[in-house]
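Work through the following exercises with the sequence and the 3D structure in view, and read each solution only after trying the task yourself.

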Amino acid sequence: MTSQWQYQVRFDVSDFTVAESIRRNSPDPALLSLFDILADHRAAPKCQFDAFAEYVAAAKEHGVENYPLYRWTKATIEDSVKKDKYLKSFTLYVDGQEVYGKEVADALEADLQPLITSGVIKRISKYDTNPANNPQPPDRHRE
């Protein structure tokens, strides 16, 4: 049976230098195993902070009324503590898609697991598209 939900894998790193290398797609030798795994899965990392900043820029360009998470996202990238957190957090796109099947997500997650032990990455998270499992922005950031 096929799941009705799609999935997304994210990972965090502990070090800003490592995060910057990933953001610039210029891995140092310590990151080769990460980039090899990503290539095997046709996956590309997208920095969460960059994604949030792009969302805010698009909202400003096309009208914030069309972007329901604009206020929350803008507040997030303007908060220095959250900025530090999201600069070290990456969403994995597979074949250019931000969500994908469970089998794809499970395989990607499994192959990344050894990188936690080796210290290349700090944490792996897997999210689904089920609205019941996804946090909503605080009321103060809703239109």
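**Exercise 1.** Determine what share of the contacts between residues at least 6 apart in sequence join residues at least 24 apart.

*Solution.* Take as a contact any pair with heavy atoms within 4.5 Å. Among the contacts in the chain between residues at least 6 apart in sequence, 70% join residues at least 24 apart. The model is a predicted one, in which local features need pLDDT of at least 70 and side-chain atom pairs count only at pLDDT 80 or more, while totals for chains, interfaces and linings use all residues. Residues are numbered from 1 along each chain as its sequence is written, and side-chain values use heavy atoms, with hydrogens and water left out.

**Exercise 2.** Find which residues of helix α2 are buried, and where they lie around its axis.

*Solution.* Begin with the cut-offs: buried means under 20% relative accessible area, exposed over 50% and partly exposed in between, with a 1.4 Å probe and protein chains only. Helices are DSSP runs of H or I with at least four residues, strands are runs of E with at least two, and both are numbered from the N terminus. In α2, which covers residues 32-40, the buried residues are Leu34, Phe35, Ile37 and Leu38. Their arc, taken from the directions from the helix axis to the C-beta atoms, is only 160 degrees, which puts them on the same side of α2. The face turned away from this buried side carries the exposed residues Ala39 and Asp40.

**Exercise 3.** Name the elements against which the buried residues of α2 pack.

*Solution.* The partners include the strands β1 (7-12), β2 (43-47) and β3 (89-94). The helices α1 (16-23), α6 (102-112) and α7 (114-117) are also partners.
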